[in-house]
Amino acid sequence: MNMKTAKISNSLPIALILFVLTAFQAPVQAQKFSYVDTEYILGQIPEYRSAQTQIDEVAEKWQKEIDDKYASIDKMYKDYRAEEVILNGEQKKQREAEIIAKEKEVKKLQQEKFGYEGELFKKRQELIKPIQDRVFEAIQKVAKENNLDFIFDKSGDMVMLFSNARYDRSDEVLEELGITPIKEDK
């Protein structure tokens, strides 16, 4: 290989890379993004606040019922422990079985009320999901009207260390929902 061939082969990869980079470089458009605070938006919607109050009241009632049942089981256990010395083997087994059965019953009730797809979950779906769907539709409409590529949710798992308020579209979403925002610190 002579000197000319060596120079051409060494410069060929660089030239090829430069050609590929310039030839296939597409015009880059700036992406438009904004954010909303769905927690703030939902807090501004009277139906949501009412639904949340209903859910909280139901949950509190069920929790009290469960707490009362656990207190009853605790009393049964304390009574059993106090009387254990005078009970025969069969009576001990019977009382222990009653306590265990009551505990299972309360745990089952707790699961039915508060477990995944329990009554509280269904109540939330019934009362809150339609409101969340309306908010989602309003967010989509605001995004289309403002030609946005992305809308982030400030109140979700995404961590925003800084956000310029000019990109906040929460009040526009509220207006789309027909709600006049109540001015307060977000």
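Modeller: What follows is a set of questions and answers on this predicted model.

Biologist: What pattern of helices and strands does the protein follow along the sequence?

Modeller: The protein has seven helices and two strands. Of its 186 residues, 25% count as buried.

Biologist: Among contacts between residues at least 6 apart in sequence, what percentage joins residues at least 24 apart?

Modeller: A contact here means heavy atoms within 4.5 Å. Among the contacts between residues at least 6 apart in sequence, the share that joins residues at least 24 apart is 77%.

Biologist: How are α3 and α4 oriented to each other, parallel or antiparallel?

Modeller: Two packed helices are described by the angle between their axes and the distance between the axes. For α3 and α4, the axes are 10 Å apart and the angle is about 170°. Angles over 145 degrees count as roughly antiparallel. The two helices, α3 and α4, are therefore roughly antiparallel.

Biologist: And which residues of α5 does α3 meet?

Modeller: The axes of α3 (residues 46-83) and α5 (residues 119-127) come within 10 Å and cross at roughly 170°. That makes α3 roughly antiparallel to α5. By class, this contact of α3 with α5 has six nonpolar, one polar and three charged residues. On the α3 side are A51, Q54, I55, A59 and W62, and the α5 residues they meet are E119, L120, K123, R124 and L127.

Biologist: Is I55 buried or exposed?

Modeller: I55 lies in helix α3. Apart from neighbours within four places in sequence, I55 is in contact with L120, K123, R124, L127 and I128. The C-alpha atoms of I55 and L127 are separated by 8.4 Å, although the two residues are 72 residues apart along the chain. With a relative accessible area of 1%, where under 20% is the cut-off, I55 is buried.

Biologist: How far apart are the end C-alpha atoms of α4?

Modeller: Helix α4 covers residues 89-114, which is 26 residues. At 1.5 Å a residue, α4 should span 38 Å. The distance between its end C-alpha atoms agrees with that, at 37 Å.

Biologist: Which residue has a side-chain oxygen that reaches the backbone nitrogen of E90?

Modeller: The pair sits at the start of α4. The oxygen comes to within 3.1 Å of that nitrogen, and it belongs to N88.

Biologist: Which helices do the buried residues of α4 pack against?

Modeller: The buried residues of α4 are I99, V106, L109 and K113. They pack against α3 and α5.

Conventions
Residues numbered from 1 in each chain as written. Predicted model: local features only at pLDDT ≥ 70, side-chain atom pairs only at ≥ 80, totals over all residues. Heavy atoms only, no water. Axes fitted to C-alpha atoms, helices over the stretch in contact; angles between N-to-C directions. Helix = DSSP H or I, 4+ residues; strand = E, 2+ residues; numbered from the N terminus. Parallel < 35°, antiparallel > 145°, perpendicular 65-115°, else oblique. Nonpolar A, V, L, I, M, F, W, Y, C, P; charged D, E, K, R; others polar. Expected span 1.5 Å × (residues − 1). Buried < 20%, exposed > 50% of the residue type's maximum accessible area, 1.4 Å probe, protein only. Polar contact = N/O pair within 3.5 Å; in protein donor to acceptor, adjacent residues only side chain to side chain.
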